[in-house]
Amino acid sequence: MNTKKYKCLTSNEIDVAISDLKGKFFTIAFYKKSGDIRELTGRFGVTKGLNGKGLKYDAKAVGNMIVYDMINHGYRTINRKHVIAIQSRGKIYSFNKVTNA
């Protein structure tokens, strides 16, 4: 039984929405593993607090995105298959009833 009430974005739509966002703020809504919806304001390309070793796996190859959470000051892993909407630069990318920022 599918308990998700919002349709998720496809990988190609996510790529379009996040293209050229390095260093820019954006808000992303997604389903957590528990099924709860979470909104996160973050950025790509943040290097604060890194130790130089990097990840032990290829995040994109397994369908994840690594985002720096600007509110809680930490890195978060988001499953690309669970992204509901992305808002950046006044545009909202979504299949749901949200239209303009």
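## The loop between S5 and S6

Arg89 lies in the loop between S5 and S6, where helices (H or I, at least four residues) and strands (E, at least two) are DSSP runs numbered from the N terminus. The model is a predicted one, in which local features need pLDDT of at least 70 and side-chain atom pairs count only at pLDDT 80 or more, while totals for chains, interfaces and linings use all residues. Residues are numbered from 1 along each chain as its sequence is written, and side-chain values use heavy atoms, with hydrogens and water left out.

Although Arg89 is not a glycine, this residue has a positive phi of about 50°. Arg89 is exposed, with a relative accessible area of 53%; here buried means under 20% relative accessible area, exposed over 50%, and partly exposed in between, with a 1.4 Å probe and protein chains only. The hairpin of S5 and S6 has 2 residues between the strands. Strand S5 (residues 83–88) and strand S6 (residues 91–94) run antiparallel and are joined by 4 bridges, two strands being counted as paired if DSSP finds at least two bridges between them. Within this pairing, Ala85 stands opposite Ser94 in S6.

## Overall architecture

The protein chain holds 1 helix and 6 strands, and from the N terminus on its elements run α-β-β-β-β-β-β. Of its 101 residues, 32% count as buried.

## Strand S1 and its partners

S1 is largely enclosed by the rest of the structure, because 5 of its 6 residues are buried. S1 pairs with S2 in the antiparallel sense over 6 bridges, and S1 also pairs with S5 in the antiparallel sense, over 4 bridges. Phe30 takes part on both sides: its bridge partner in S2 is Arg38, and in S5 Phe30 stands opposite Val83. The hairpin formed by S1 and S2 has 5 residues between the strands, and Gly35 in the turn has a positive phi of about 100°.

Ile86, which is found in strand S5, is buried, with a relative accessible area of 0%. Ile86 and Phe30 are 56 residues apart along the chain, yet their C-alpha atoms are separated by 8.9 Å. In a regular strand the side chains alternate between the two faces of the sheet.

## Aromatic contacts

Rings of Phe, Tyr and Trp (its six-membered ring) pair if their centres lie within 6.5 Å, planes under 30 degrees apart counting as stacked, over 60 as edge-to-face and the rest as tilted. By this rule the structure has 2 aromatic pairs. In one of them, Phe26 and Phe44 are stacked, at 5.0 Å centre to centre and with 20° between the planes. This pair links distant parts of the chain, with Phe26 in strand S1 (residues 26–31) and Phe44 in the loop between S2 and S3, 18 residues apart. Both Phe26 and Phe44 are buried.

In the pair of Tyr68 and Tyr75, the ring centres are 5.0 Å apart and the planes stand at 70°, so the arrangement is edge-to-face. Tyr68 counts as buried at 7% relative accessibility, whereas Tyr75 is partly exposed, with a relative accessible area of 30%. A further contact of an aromatic ring involves a charge: Arg43 lies over the face of Phe25, at 5.5 Å from the ring centre. The criterion for a charge over a ring is that NZ of Lys or CZ of Arg is within 6 Å of the ring centre and within 35 degrees of the ring normal.

Leu55, Tyr57 and Val62 form a nonpolar patch on the surface, with about 290 Å² of accessible area together. Patches are made of residues with over 30% relative accessible area and no salt bridge, like charges being joined within 9 Å and nonpolar side chains (Val, Leu, Ile, Met, Phe, Trp, Tyr) within 5 Å. A salt bridge is a side-chain nitrogen of Lys or Arg within 4 Å of a carboxyl oxygen of Asp or Glu, and accessible areas come from the Shrake-Rupley method with a 1.4 Å probe, where for residues only the protein chains shown count as cover. Tyr57 lies in the loop between strand S2 (37–43) and strand S3 (64–69), and at 36% relative accessibility Tyr57 counts as partly exposed.

His73 lies in the loop between S3 and strand S4 (74–79). This residue has a positive phi of about 55° although it is not a glycine, and His73 is exposed, with a relative accessible area of 56%.
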